[in-house]
Each structure stands twice: as structure tokens, then as C-alpha cells.
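Happy to go through this one with you, term by term.

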Amino acid sequence: MTGPAPPGYLAGLFRSLQGEGPWAGRPEVFLRLAGCSVGCPWCDTRDAWERPPSFPVAGGEAEPNPVEADRAVRLAKEAARPSCKWISFTGGEPLEQGPFLRALLPLLRGEGFFLHLETAGVHPGPLESLLPFLDQVSMDWKLPSLGGRDFRPAHKACLRVLSSWEGGKAVKIVVGASCPPSEAEEALGEALGICPDARPVLQPLTAPASAEPEPGALDLCLALAWKWGERAPSLRVLPQVHKLLGLP
Ligand code: SF4
């Protein structure tokens, strides 16, 4: 790396349970990175789309942005007391701050943490550069009928990067009642065709302020799950568990 690493912008640092995907329920410290250019209509973290002047820290005072990697490590260690071992990077879109994470991740690894990345799966270059420092990646495959944008080329590029990596990997497809069933099924087939050891998750769409799946969305997920039992035995249909539990 040339020159000092740029500082990062956070939208929050807090403790909670992992709320999505095959590792749901695990206690983690979350670093919510600020900034996202993806613009999902169902996004429940819109306050993390922009870079705020400060960010809330669970159990402490608000901290100013931007934050150097050393200060982020200190804050994460304090939040992890007495013995949380997992740190999750969420957003916003963490990979839009790749150089900051490239400085931060090795420091956290050096402190003995396991590191989990949640990503929209649209930035294959930064993803590849950070994989040596990560233990798990959970990426989205976003259906064009829901978000109005087609990210399939970028999703495929990210999955190609993940396919040769030995860490834990999951691909999450949010399914809404209005999605054509064939679209979700094609996404599942394409994703597992590229990265067969990714653990697929179908997540029925919820409104941003709700924990209840949109009517009809769960039915679509269930129909697909029954159909794909043999081809994808690790497939799971899961809600956003943290919302059900009233956690951040
Ligand atoms: S990628 Fe994530 S943070 Fe960005 S708009 Fe979509 S759901 Fe929200």
C-alpha cells in the first residue's frame, strides 16, 4: 500500500445478534459503514446512505467522523467486552470504503477477532482485495424486479471471486410478492452455478419499519425452497431475526 490509509466514515457501532442468513443469532459487534450508492427501495438503513459528521456508539458518547483505523479498533474492542469474538461490517455498503477496511481488517485480525462482511455484492475489486482478512462473506443477489436495477454482471463477478476463496460464504436473495417466480429461481441457479459452496438464503421482503413479511413473499420463498431441496440442500428461508427480536 502506498501512503497512509484514508480514515473511514461510520454510521454506527453497536452490539447485536447477527440478524440475517445462515449465521443468524450469533452475538457480534457491528461496524455500520456510512455511504451506499445502491439505493434499494426496501432499505431499512437509509440513515447510512450518506456520511454523517458523527456516529452513535452503543454505551458511549457519539464519535466524530472520519475515524482512523486505530480509533475504530479501540472502539470495537470496548464494545466487544467482555468476550465477543465476531465483528461484522455492514452498511451502507462497506466495500465503498475499501482502502479504510484494508487498513482496519488486519488490525482487528491481529486482536484475535473473527471478521464477517455483509455486502450488496456489486464491487468485486474491493471484495477480492479484502478476502485475505475475512472469515465470512454474506452477499446479496438483488432481483431487478424489486430494485429496478440489474446488478447481475457485478453479482456474478463477486461470486467468481468468492468461488476460489475458502472462507464461509452465503448469498441472500430478498424475494417480494411481486417478483416473478422464474426470476428468483434463475438467480438461485446462476449464483450456485458460479459458487456452489455459497449457502443460499431466501429472505421474504419486509417493509423497512416492519418485521412482518410482505403478504405473498413467504409463499414464493417456500415454493422455491420445496422445489430446490435436492439441488440446494443448504438452502434456508429466513426472516430478519434482529427485527423480530426488536434489536438494532
Ligand atoms: S445495499 Fe444495503 S444499505 Fe445499500 S440501499 Fe441496499 S439495503 Fe440499503
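Below are questions and answers on the labels used for this model.

Q: What kind of model is this, and which pLDDT limits apply?
A: This is a predicted model, in which local features need pLDDT of at least 70 and side-chain atom pairs count only at pLDDT 80 or more, while totals for chains, interfaces and linings use all residues. Residues are numbered from 1 along each chain as its sequence is written.

Q: Which residues is glutamine 97 in contact with, leaving aside neighbours within four places in sequence?
A: Gly8, Tyr9, Leu33 and Gly35 are its contacts, where contact means that the C-beta atoms, placed from the backbone, lie within 7 Å. Lysine 243, by comparison, is 146 residues from glutamine 97 in sequence and 26 Å from it in space, C-alpha to C-alpha.

Q: What makes alanine 157 buried, exposed or partly exposed?
A: Alanine 157, in helix H5 (residues 152-163), has 19 C-beta neighbours inside 10 Å, so it counts as partly exposed. Its C-alpha atom is separated by 13 Å from that of aspartate 140, 17 residues apart along the chain.

Q: Which residues touch the most other members of the largest nonpolar core?
A: A nonpolar core is a set of buried Ala, Val, Leu, Ile, Met, Phe, Trp, Tyr and Cys residues joined through C-beta atoms within 7 Å. The largest one here has 65 residues, and Leu10, Leu31, Ala76, Ile173, Val175, Ala184 and Ala191 touch the most other members. Helix H1 (residues 69-80) gives the most to this core, with 6 residues. Isoleucine 173 touches Trp141, Leu143, Ala184, Ala187, Leu188 and Leu202, not counting residues up to four places away in sequence.

Q: What makes strand E9 (residues 199-204) largely enclosed?
A: Its 6 residues are buried, 6 of the 6, so the rest of the structure largely encloses the strand. Arg199, Val201 and Gln203 point one way, Pro200, Leu202 and Pro204 the other, and all are buried.

Q: How do you know that E9 pairs with strand E8 (residues 168-175) and strand E10 (residues 236-237)?
A: Two strands pair if DSSP finds at least two bridges between them. E8 and E9 run parallel with 6 bridges, and lysine 172 has valine 201 as its partner in E9. E9 and E10, also parallel, are joined by 2 bridges, with leucine 202 opposite valine 237.

Q: Why is the unit of E9, helix H7 (residues 217-227) and E10 called right-handed?
A: A crossover is right-handed if, with the strands pointing away from the viewer, the path from the first strand over the helix to the second runs clockwise. E9, H7 and E10 make a right-handed β-α-β unit, so the path over H7 runs clockwise in that view.

Q: Why do strand E1 (10-17) and E10 stand at the edges of the sheet?
A: The open sheet has 8 strands in the order E1-E2-E5-E6-E7-E8-E9-E10, with mixed pairing. E1 and E10 each have a single partner strand, so one side of each is left without a neighbour in the sheet.

Q: What surrounds the ligand, and how does that shell divide?
A: Cys36, Val38, Gly39, Cys40, Cys43, Thr45, Ala48, Gly91, Gly92, Glu93 and Ala120 surround the ligand, each with its C-beta atom, placed from the backbone, within 6 Å of it. The shell has 6 nonpolar, 4 polar and 1 charged residues; Ala, Val, Leu, Ile, Met, Phe, Trp, Tyr, Cys and Pro count as nonpolar, Asp, Glu, Lys and Arg as charged, and the others, Gly among them, as polar. Within this shell, Gly91 and Gly92 are joined by a cis peptide bond with omega about 10°.

Technical notes
Buried ≥ 20, exposed ≤ 12 C-beta atoms within 10 Å, placed from the backbone. Helix = DSSP H or I, 4+ residues; strand = E, 2+ residues; numbered from the N terminus. Contact = placed C-beta atoms within 7 Å.
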